[in-house]
Every structure is written in structure tokens, then in C-alpha cells.
Amino acid sequence: MKQLSNFLDSQGRLVKFPAKRAMQQEALAYLAAKFQPEAEYTERQVNELLGRWHTFGDPATLRRALYDSRFLDRDPYGRSYRLAPQEPADGPR
């Protein structure tokens, strides 16, 4: 399987969104790590942060994928985002 590094440029920016689900999840985890724990972000701030970490100009798709894959939570109105709590590697307790 390809490594995520094959999808990153020399500055660590994602140059394309992987087609395979497993690699997409790696890419999303990589992007989620760019968010500060406990911080709240507006949609605009999320888009700006994602804009710094990819080169293909589609922060909306990445934002939705982060939410759909449960890396980000948002309020019911989509006005604020935050990192979602992650399950431990060995599953829920």
C-alpha cells in the first residue's frame, strides 16, 4: 500500500485526496492533527487551516470528510467545529 508521504509535497501539504478509503482515513487523521485540542473553530477558520495543509483548493470537501469520519464535531447549526474525542486504539471502555 502507498504511504501517505506519496500524497504530500515537500512542505507537508496534501497534493490530492487519496481514492482508497484506508489512505483517505490516514490523510484525514494527518489533517485532524493540525487542529488544537479543546479549541473551537468557525467554518471559515476550519477552511483557512485546511487551506494551509492542502494544494488542490477544496477545503469544503476536506471539512465534510473530517466531520463524516468523526475527526471533527460541530454544533447542530454548523457554526463551530472542534476535534472529536477519539476512541482508544483498543476500543471503547
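1. Buried means under 20% relative accessible area, exposed means over 50%, and partly exposed is in between (1.4 Å probe, protein chains only). Trp-53 is partly exposed, with a relative accessible area of 25%. Tyr-30 is also partly exposed, at 21%.

2. The model is predicted: local features need pLDDT of at least 70 and side-chain atom pairs pLDDT 80 or more, while totals for chains, interfaces and linings use all residues. Residues are numbered from 1 along each chain as its sequence is written, and side-chain values use heavy atoms, without hydrogens and water.

3. There are two aromatic pairs in the structure. Rings of Phe, Tyr and Trp (its six-membered ring) pair if their centres lie within 6.5 Å; planes under 30 degrees apart are stacked, over 60 edge-to-face, and the rest tilted. Tyr-30 and Trp-53 are edge-to-face, at 6.4 Å centre to centre and 85 degrees between the planes. Since Tyr-30 belongs to helix 1 and Trp-53 to the loop between helix 2 (43-52) and helix 3, the pair ties together parts that are 23 residues apart in sequence. Phe-35 and Tyr-41 also pair edge-to-face, with 5.1 Å between centres and 90 degrees between planes. Both Phe-35 and Tyr-41 are buried.

4. Helices (H or I, at least four residues) and strands (E, at least two) are DSSP runs, numbered from the N terminus. How do helix 1 and helix 3 cross? The axes of helix 1 (residues 21-32) and helix 3 (residues 59-68) come within 10 Å and cross at roughly 100 degrees. Axes are lines fitted to C-alpha atoms, for helices over the stretch in contact, with angles from 0 to 180 degrees between N-to-C directions. The two helices are therefore roughly perpendicular (65 to 115 degrees; under 35 is roughly parallel, over 145 roughly antiparallel, the rest oblique). Leu-28, Leu-31 and Ala-32 of helix 1 meet Leu-62, Ala-65 and Leu-66 of helix 3, where contact means heavy atoms within 4.5 Å.

5. Helix 3 also holds Arg-63. Arg-63 counts as buried, at 9% relative accessibility. Apart from neighbours within four places in sequence, Arg-63 contacts Glu-43, Val-46, Asn-47, Leu-50 and Tyr-81.

6. Three strands form an open sheet in the order 1-3-2, with antiparallel pairing. Strands pair if DSSP finds at least two bridges between them. Strand 1 (41-42) and strand 2 (72-74) are at the edges with a single partner strand each, so one side of each has no neighbour in the sheet. Two bridges join strand 1 to strand 3 (residues 80-83), and Thr-42 stands opposite Ser-80 in strand 3.
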